Amino acid sequence: MVPVPLTSRQPPAWQRALQDAVTDPAELLALLDLDPQWLEPARAAASRFALRVPRGFVARMRRGDPGDPLLRQVLPLGLELDDAPGFGTDPVGDLAARSGPGLLQKYDGRALLVTTGACAVHCRYCFRRHFPYDEENASRGGFAPALEAIGRDPTLREVILSGGDPLALGDRRLAELFSGLQAVAHVRRLRLHTRLPIVLPERIDAGFLALWSAVPLQKVVVVHANHARELDATVRAAIDALRSTGTTVLNQAVLLRGVNDSVDALVELSEALFDAGALPYYLHLLDPVAGAAHFDVPQATAQRLVADAGARLPGYLVPRLVREEAGAASKTMLPPASR
Ligand code: SF4
């Protein structure tokens, strides 16, 4: 077959992959040879928080296994419809931390910009699954008001781009944002929180790398993988490419029942991350968001798991177990259980 030359009008491959994501529960079940008994509850749960998963991520799942740890992160379940006491729509106090359009300020020296409501994947445990992105989204009316708010606060040394997923924005929007941030003299570090290098590694393409390399700030990318099997050769290449730009690459994971709540899973995740060039940074306890209670792992169990994983790993591969509490001055570090 003769390759079709790309024209400047054609979206880049990553945007085509993004648009081609699986959004119909029936298709996901068919692709994975799963029993149609899952369909009705999946449709009911997806009517509240839509299914979305890139095909490349589906390809890393085991066919015929409804307990696959990658599938469990994205398959809508009837359990999401159950009420759970203590689980709400704003579990970490995002809305009270608002300091400008799409701008959240919880901790000294740092501000977080909700750049977009779009994500490549819809993680069923997402703490922002009920976030009012239509109102709180810095890209909606242009970035200028948020950039002005950052410019007015000389205590800010670091800006965190979050969302949604900041890398779901196209390069033109990112270039606008990066140049606005680098013009603020007191901002020294730029941090991206993104799941795209894991679920859609095509995003780290030559265009983005050229743009990102040119940013003269200290650069940190915090990716989000929860299980070793998420890290295939395409993901390792994407992380390698990010590191080649002088970026520090860290990982944050969420401890999820049925996904990574075993010592073996945590050890394998840390080893796979280090093989890929990313350091395990945080292991979050689940934020109590409505619809995700079935993923919850009790704190004492989490502390024991981290202690047991720590006995099998060098210290630099043991993630910090943390819980985020609304209104707290920092994340709460939870020490491993004593052995
Ligand atoms: S990628 Fe992040 S923001 Fe998007 S659904 Fe997953 S956890 Fe939520």
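Colleague: Before we start, how are helices and strands numbered here?
Modeller: This is a predicted model. Helices and strands are DSSP runs, and a helix needs at least four residues. Their numbering starts from the N terminus.

Colleague: Good. Which helix holds Phe 274?
Modeller: Look at the stretch covering residues 263-276. Phe 274 sits inside that run, which is helix 11.

Colleague: Is Phe 274 buried, partly exposed or exposed?
Modeller: Its relative accessible area is 41%. Buried means under 20% and exposed means over 50%. Since 41% falls in between, Phe 274 counts as partly exposed.

Colleague: Which residues make a nonpolar surface patch with Phe 274?
Modeller: The patch covers about 300 Å².

Colleague: What do the buried residues of helix 11 pack against?
Modeller: Among the buried residues of helix 11 are Val 263, Leu 266, Leu 269 and Leu 273. The buried residues of this helix pack against two strands, strand 7 (248-254) and strand 8 (279-284). They also pack against helix 10 (233-243) and helix 12 (299-310).

Colleague: And which residue follows helix 11?
Modeller: Helix 11 has 14 residues and reaches 20 Å from its first C-alpha to its last. The residue that follows has a positive phi, near 100°, and is Gly 277.

Note on methods. Residues numbered from 1 in each chain as written. Predicted model: local features only at pLDDT ≥ 70, side-chain atom pairs only at ≥ 80, totals over all residues. Heavy atoms only, no water. Patch = residues over 30% accessible without salt bridge, like charges linked within 9 Å, V, L, I, M, F, W, Y side chains within 5 Å. Areas by Shrake-Rupley, 256 points an atom, 1.4 Å probe, with all protein chains shown as cover. Salt bridge = Lys/Arg side-chain N within 4 Å of Asp/Glu carboxyl O. Buried < 20%, exposed > 50% of the residue type's maximum accessible area, 1.4 Å probe, protein only. Expected span 1.5 Å × (residues − 1). Contact = heavy atoms within 4.5 Å.
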